[in-house]
Amino acid sequence: MPLPRTRVVTLNAALGPLDYRIPDGMAVEPGSVVVAPLGPRQLIGVAWEAGRVPTEEVGDNRLRPLAGLIDVPAIAAPLRRLAEWTANYYLSPLASVLRMVLPSSAALASPRHLIEYRPTNLVPPRSTPQRAQALERLAGRQGTIRELAEVAEVSDAVLRGLVNAGALEAVSVEADRPLPVPDPDFAPPILSPEQHAAAGLLSEARGFDPIMLDGVTGSGKTEVYFEAIAACLRRGEQTLVLLPEIALTEPFLKRFEARFGCAPVTWHSDLRSSQRRRAWRGIANGEAAVTVGARSALFLPYAKLGLIVVDEAHEPSFKQEEGVQYHARDVAVMRGKFEDIPVILSSATPAIETRHMVEIGRYREVALPSRFAGAQLPEIRAINLTQDPPPRGRWLAPSLVAEMEANLAAGEQSLLFLNRRGFAPLTLCRHCGHRFQCPNCTAWMVEHRLMHRLACHHCGHVMPPPRACPECGEEDSLVACGPGVERIADEVAALFPDARTAIVTSDTIWSPARAAEFVRSMEAGEIDIVIGTQLVTKGYHFPDLTLVGVVDADLGLQGGDLRAAERSFQQISQVAGRAGRGDKPGRVLVQTHDPDAPVIAALVAGDTPGFIAAETDARRAAVMPPFGRLAAIVVSAEDAAEAEGVARRIGRAAPSVERMAVFGPAPAPLAMLRGRHRQRLLVHAARSLDVQNVIRDWLASLEWSTKVRVAVDVDPYSFL
Ligand code: ADP
Ligand code: ZN
């Protein structure tokens, strides 16, 4: 009699699948989450169908028994198939995908009661700078010592000291207390006939059914897909809503609560481990009726998923650029396929890839062509900077300033959009021309005047701005070149000293709580002028915001990115869509040096179909996505020659395959990143070619030192 055995995929990407004996009385089936011994270690893994993860067979005599079965529901077959598909499509280890299914050790560990700490009102008798810093950062926070130490950026010992001094108190948290249940009938809106029709289509969808919900900004897409969520709730099934940005979570929660009477479960990087455990367990046992989260929520083991909504589905941030380089929008559709459920891709500016799927009949379209309650789409006008230039050293054209002045006088809110954090993108020495570059990256150090620092936006390296030039020693010779949002804020302050302004970037809105505070002060009319990056382009609804100024519409068109024009179009349409959402009409002024550029001309003419058609034709002619496939191979190493050597060998070994071409290697535009030199190859292939298979065999035939990293980016969105 053969011993009862199972194959196990562990969470360790360096290991292949392993075989184990199932001890007597342990009920292990495919999907069971198990503890597998390996040498002296205990690894978490998932039991898997042996036929799907081939490996060398091990004789019965060498089989070790599993060390345990973890008391959580087994990972269901549709999710196992999705994990396999993702690993295969994005050329990643299955283990790395499974880490996204089981991302929380707290969820698997048994204690239901966790001890967390929170600040008391007691000021410790003996204060040190570290204690002061800890107490300042921990205001309103709660978590384990480890979590709080990370937030406060102090050692565990400092926090233990604060506990002993009575400035932090212990709280026992019941991690598995029940989750609130959203009520589909709590406060349904009265839909317009157009919305009603769309909501009906979405609510009736059953089985695998990808739907592009294409509605202009302010048409009520959220209200409409809420009805599909209500229908899903009534069926007793779970919904997953993916948001592109954690800053959008808070406004979403408020709207959800107003509609359904309680908040949904949230999943993002800012959760404490007790919250993570509670959410994961609720998701896995079916109790979490609606989960809203960042892209990482996509791989969680929902017990009875009935609907996926991808909000702002065109957003590039759905593409993960590290580890498993997946696109959450595309994987969401695949999950819908394996789970046999509808997937709603909601956007006012759907991606060309998504529109193409509608065109060829793979996705359905549900449209909301007009704004809710008769609000009009804003009028967009170009300001030609060559004819109407700002004064020297300024960035806002006189005609834009005049509109801002009128808006202030009318007591209405304005928004200036510039997709550049900090004060200035480049700092140089007036005397010798020295430019401040990051020591680890091919990038300029960006001045952040508010924090009194120069920072690299790629690796996070920071330094205080030096008084003297490090090259020539000249003092006070540094000049800022070009504008960032902080510099625009200075200009606004000089023009309108009494106006109340806010800067909105990832530097100022770094947590859901900060986003909530921003929304509150906008709604309370405490802000006159917002200056923001792409963070303000999406989602927000401020009825008194009537003027939008795009500071530099040409910025996004620089660089040879395949999607640069499309992205600029989407971004400006989205930021324009923030204007005039209430009863007051909105207007949008776009500053450009090239008003005849197709993107600008289409925006001014309101000709979305024309722009999309021209872009689509250009992609078709060049056999670019969605008509062809791309994959990037990025080779990096600390040693430049080593990276170049391996990249060359990969290039030379490129198979000659029909309908496929390989470009490069060449130094990446971001030739150095975090101290590693980078070389890129770009694979261009016909849609019909299984390019992953080709690349897998090609790279498998080569070897390189462990100091060299080779990453394959399938369907790349970044060309840096
Ligand atoms: P979109 O996501 O399409 O930009 P929203 O869903 O944010 O649009 O809707 C815009 C605004 O109009 C929101 O404040 C929303 O609450 C409101 N709204 C839309 N439809 C309705 C409705 N049927 N009843 C009440 N308010 C609505
Ligand atoms: Zn850097």
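Is His452 buried or exposed? I looked it up in this predicted model: His452 has a relative accessibility of 55%, and because the cut-off for exposed is over 50%, His452 counts as exposed. I found His452 in the loop between β18 (446-448) and β19 (453-455).

Next I turned to Arg674. Its phi is also a positive value in a residue other than glycine, near 50°. Arg674 sits in the loop between β27 and β28 (676-686). With a relative accessible area of 47%, Arg674 is partly exposed.

Then I checked for cis peptide bonds. One joins Gly664 and Pro665, with omega about 10°, and Pro665 belongs to strand β27 (residues 660-673). Another runs from Pro625 to Pro626, with omega near 5°; I placed Pro626 in the loop between α18 (608-621) and β26 (628-637).

Last, I looked at the second largest pocket. Its volume is about 1400 Å³. The pocket is lined by 40 residues, and those closest to its centre are Arg141, Asp270, Leu271, Arg272 and Gln275. Which element gives the largest share of the lining? I noted α5, with five residues. Elements that each supply at least two lining residues include α4 (129-137), β7 (168-174), α9 (249-260), β10 (265-267) and α15 (512-523). By class, I have 15 nonpolar, ten polar and 15 charged residues written down for this lining.

How values were computed
Residues are numbered from 1 along each chain as its sequence is written. Chains are lettered from A and ligands numbered from 1 in the order in which they are written. This is a predicted model: local features need pLDDT of at least 70, side-chain atom pairs count only at pLDDT 80 or more; totals for chains, interfaces and linings use all residues. Side-chain values use heavy atoms; hydrogens and water are left out. On a 1 Å grid over the protein atoms alone, a cavity is a set of points where a 1.4 Å probe fits but cannot get out, and a pocket is an open set with protein on both sides within 12 Å along at least five of seven lines; lining residues have an atom within 4 Å of a point. Grid points are joined across faces, edges and corners, and a volume is the space filled by probe spheres set on the points. Helices (H or I, at least four residues) and strands (E, at least two) are DSSP runs, numbered from the N terminus. Ala, Val, Leu, Ile, Met, Phe, Trp, Tyr, Cys and Pro count as nonpolar, Asp, Glu, Lys and Arg as charged, and the others, Gly among them, as polar. Buried means under 20% relative accessible area, exposed over 50%, partly exposed in between (1.4 Å probe, protein chains only).
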